[in-house]
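Here are some notes on the side-chain packing and charge pairing in the structure below. They are set out as numbered points.

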Amino acid sequence: MVRMPETRPYHHGDLRTALLTAAERTLREKGAGSLSLRELAREVGVSHAAPGRHFKDKQALLNALALTGFERLARALAAAEDPALPLEPRLTALARAYLGFAIDNTELLELMYARKHDPDASEQMADAVEQTIGSLDRVLADAQRRGEIIQGDPEQLNLVTGATLHGVAGFISAGWLTPEAALAGADGLVHLLLHGLKPR
């Protein structure tokens, strides 16, 4: 059997996937400002008009990239979620999964949060965001039902938890915290989140 060279970017008619793969590579290496449908077409070896069959413009491409990011993050969180675990290790596993995704996909995560609030973002994007935060929602709702955390507005509790994790991800991205230190500190972070800063 003859193997196709791995560097050949486009084959078997899956142009959309080829474009998204090339776009994510450009995003990682040069940033969102360097993305161009014309350049991506050249990179994958198709005419400059061909990407228009899948993405009407650069914004549509950015939305699609963000959507695939949210879908991947949702899968990572779902794989880490174990309802059989006690609350603290259960939440720690989710924190590690989120931070792991943030470390491996710094530029993509930044794009995901930027596109999430764009008025042109699709309902599909809103659903993908909902699936992502759904993991935290479930853990916190279960903990409230069992009396393991305070009662109160679940959205507010989710906001505090999500902001904490995303804040650490931001510190990693800015170089204020190494990925190793962030992952090593996940247990302590979740412990402080659950128990607060007051002396016990």
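1. A salt bridge here is a side-chain nitrogen of Lys or Arg within 4 Å of a carboxyl oxygen of Asp or Glu. By this rule the count comes to 10 salt bridges. The model is a predicted one, and the values below are computed from it.

2. Begin with R90, in helix α4. With a relative accessible area of 1%, R90 is buried, because the cut-off for buried is under 20%. R90 forms a salt bridge with E81, and the closest N and O atoms are 2.6 Å apart. The two side chains are also listed as making a polar contact, at 2.6 Å. E81 is buried as well, at 14% relative accessibility.

3. R90 has another salt-bridge partner in D142, with the closest N and O atoms 3.1 Å apart. This pair links distant parts of the chain: R90 is in helix α4 and D142 in helix α6, 52 residues apart. D142 counts as buried at 17% relative accessibility.

4. As a general point, side chains of opposite charge can pair when their charged atoms come close.

5. D187 lies in helix α9 (residues 186–195), so the pair ties together parts that are 91 residues apart in sequence.

6. Turning to the nonpolar side chains, the largest nonpolar core has 53 residues, of which Y98, L109 and M112 touch the most other members. At least two residues of this core come from each of α1 (15–30), α2 (37–44), α3, α4 (87–104), α5, α6 (123–145) and α7 (154–174). Helix α3 gives the most, with 10 residues. In soluble globular proteins, nonpolar side chains tend to be buried together.

7. Residues up to four places away in sequence aside, Y98 touches L73, L77, L109, Y113, L165, H166 and A169.

8. The structure holds 2 aromatic pairs. In one of them, the ring centres of F70 and Y113 are 6.1 Å apart and the planes are at 65 degrees, so the pair is edge-to-face. F70 is in helix α3 (residues 58–80) and Y113 in helix α5 (residues 106–116), 43 residues apart, and the pair links distant parts of the chain. F70 counts as buried at 2% relative accessibility, whereas Y113 is partly exposed at 23%.

9. Last, I172 is found in helix α7 and is buried, with a relative accessible area of 10%. Not counting residues up to four places away in sequence, I172 touches L99, I103, L177, P179 and A182. How far apart in space are I172 and P83? They are 28 Å apart, C-alpha to C-alpha, and 89 residues apart in sequence.

Methods
Residues numbered from 1 in each chain as written. Predicted model: local features only at pLDDT ≥ 70, side-chain atom pairs only at ≥ 80, totals over all residues. Heavy atoms only, no water. Phe/Tyr/Trp six-rings, centres within 6.5 Å; stacked < 30°, edge-to-face > 60°. Helix = DSSP H or I, 4+ residues; strand = E, 2+ residues; numbered from the N terminus. Buried < 20%, exposed > 50% of the residue type's maximum accessible area, 1.4 Å probe, protein only. Core = buried A, V, L, I, M, F, W, Y, C linked by side-chain atoms within 4.5 Å. Contact = heavy atoms within 4.5 Å. Polar contact = N/O pair within 3.5 Å; in protein donor to acceptor, adjacent residues only side chain to side chain.
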